Amino acid sequence: MAGTAVRGRLTWQVATVDEVREETASVRTIALSVPDWAGHKAGQHLDVRLTAEDGYTAERSYSIASAPGEPLAITVERLDDGEVSPYLTEELRAGDEIEIRGPIGGYFVWTGDNAATPLLLVAGGSGVVPFRSMLRHRHNLGSEAPIRLLYSARSLPDVIYRRELERADAGVAIIYTLTRQQPPGWTGHAGRLDRRLLTEAAWPAEQDPLIFVCGPTPFVEAVASGLTELGYPARRIKTERFGGAEAP
Amino acid sequence: MTVRDESALDGNAIGGLLLEVFGTEMTAAVAVCGSCGAAGPMAETVVYLRAPGTVVRCRACAAVLMVVVRRHQQNCVDLLGLAALEPV
């Protein structure tokens with residue numbers, strides 16, 4: 001059986017880079033063409049594998065930034081001590097090829113089936129990437145599901161997809177908190193996403209919102225425990241953690 | 001005991017590995033801890049990718065649920081810490 005691809009199993013595929021777009025100083029969105037892409041759900045991710053000339057390989061997971069049905073794209077934040085992200089954000093050019101496998105994940109996904117359920121999306125830094133897929137999915141479906149995106153970023157220039165988020169559809173509220181630096185005249189929130197801000201921004205627990213939290217591990221731990229203390233049941237809180245990033 | 005290590009990730013991070021090992025989507029599968037009996041989605045377990053091999057721990061009691069070690073393109077999978085694992 002060695003070398004035989006089992007039908008339906010996860011196999012590495014070669015993806016061609018169509019475009020690399022600058023989102024912020026350290027973040028790029030990479031549009032990919034994959035001949036046999038099976039399609040994905042909002043919130044899923046894919047694995048990227050890089051192989052060095054000596055055969056050494058490094059694998060990382062990246063959230064899919066595009067909505068179901070749209071051309072595949074990932075958004076990658078450069079980590080200065082990273083093995084994979086500096087290559088993806090600085091070296092990669094249109095026409096290059098990388099190995100990927102996916103789509104992956106069935107838990108941290110939003111299908112858009114239940115438009116009556118309010119959604120709370122809580123993002124720390126590049127944790128906003130799967131939520132961009134969900135927001136685009138909502139738009140493409142014409143869904144009226146009420147959504148609040150609570151987005152913690154270091155500063156305004158660090159906000160990923162800022163222009164797109166400014167044009168959010170009716171029924172979608174974007175609430176920023178800037179933790180390190182606020183522009184002059186900033187009237188939004190400042191500082192860490194604490195219990196006070198969660199209380200203010202989250203849907204009341206009686207509305208039984210479905211909650212997704214994505215960000216670096218310490219961010220997700222703090223938000224998830226804050227939400228639990230505020231009375232949101234753990235079964236309604238879906239979390240996804242990633243490593244390596246600075247506190248958002 | 002709770003796990004408070006900033007390098008820890010969660011079961012979403014091993015969605016690809018689990019798919020490789022089990023041949024089906026497993027992040028939403030319900031894992032039952034053999035030590036404390038806590039049941040929850042695999043996605044909410046505590047995962048260490050930088051241990052020797054991949055180590056999956058219970059979020060409630062920190063007991064080891066699963067260890068996967070890769071050698072020569074083969075995955076060696078230890079599920080002894082799991083009482084049950086049910087795909088949904």
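Five strands of chain B form an open sheet in this predicted model. Their order is β1-β4-β5-β6-β7, and the pairing is antiparallel. Helix α1 of chain B packs on that sheet. Chain A touches chain B through 18 residues on each side.

**The sheet of chain B**
- Strands β1 (9-10) and β7 (74-78) of chain B are the edge strands. Each of the two pairs on one side only.
- Strand β4 (residues 46-48) of chain B is joined to β5(B) by 3 bridges. These two strands run antiparallel.
- Tyr48(B) has Val55(B), in β5(B), as its bridge partner.
- In general, strands of a sheet pair through backbone hydrogen bonds.

**Helix α1 of chain B**
- On the sheet, α1(B) touches β5, β6 and β7 of chain B. The direction of α1(B) makes about 95 degrees with that of β7(B).
- The helix spans residues 15-22 of chain B. Its buried residues are Gly15(B), Gly16(B), Leu17(B), Leu18(B) and Leu19(B).

**Where the chains meet**
- In the contact between the chains, 18 residues of chain A meet 18 residues of chain B.
- Four elements of chain A give two or more residues to the side that touches chain B: β3 (45-51), β6 (97-104), α5 (217-229) and β12 (237-242).
- The largest share of that side of chain A comes from β12(A), with 4 residues.
- By type, the residues on the side of chain A that touches chain B are 6 nonpolar, 7 polar and 5 charged.

**Chain A as a whole**
- Chain A holds 5 helices and 12 strands.
- The radius of gyration of chain A is 18 Å, close to the 18 Å that the globule rule gives for 248 residues, so chain A is as compact as a globular protein of that length.
- Along the principal axes, the C-alpha atoms of chain A fill a box of roughly 55 × 40 × 30 Å.
- Of the 248 residues in chain A, 44% count as buried.
- Take the contacts in chain A between residues at least 6 apart in sequence: 72% of them join residues at least 24 apart.

Notes:
Residues numbered from 1 in each chain as written. Chains lettered and ligands numbered in written order. Predicted model: local features only at pLDDT ≥ 70, side-chain atom pairs only at ≥ 80, totals over all residues. Contact = placed C-beta atoms within 7 Å. Nonpolar A, V, L, I, M, F, W, Y, C, P; charged D, E, K, R; others polar. Buried ≥ 20, exposed ≤ 12 C-beta atoms within 10 Å, placed from the backbone. Rg over C-alpha atoms; globule rule 2.2 N^0.38 Å. Pairing = 2+ DSSP bridges. Axes fitted to C-alpha atoms, helices over the stretch in contact; angles between N-to-C directions.
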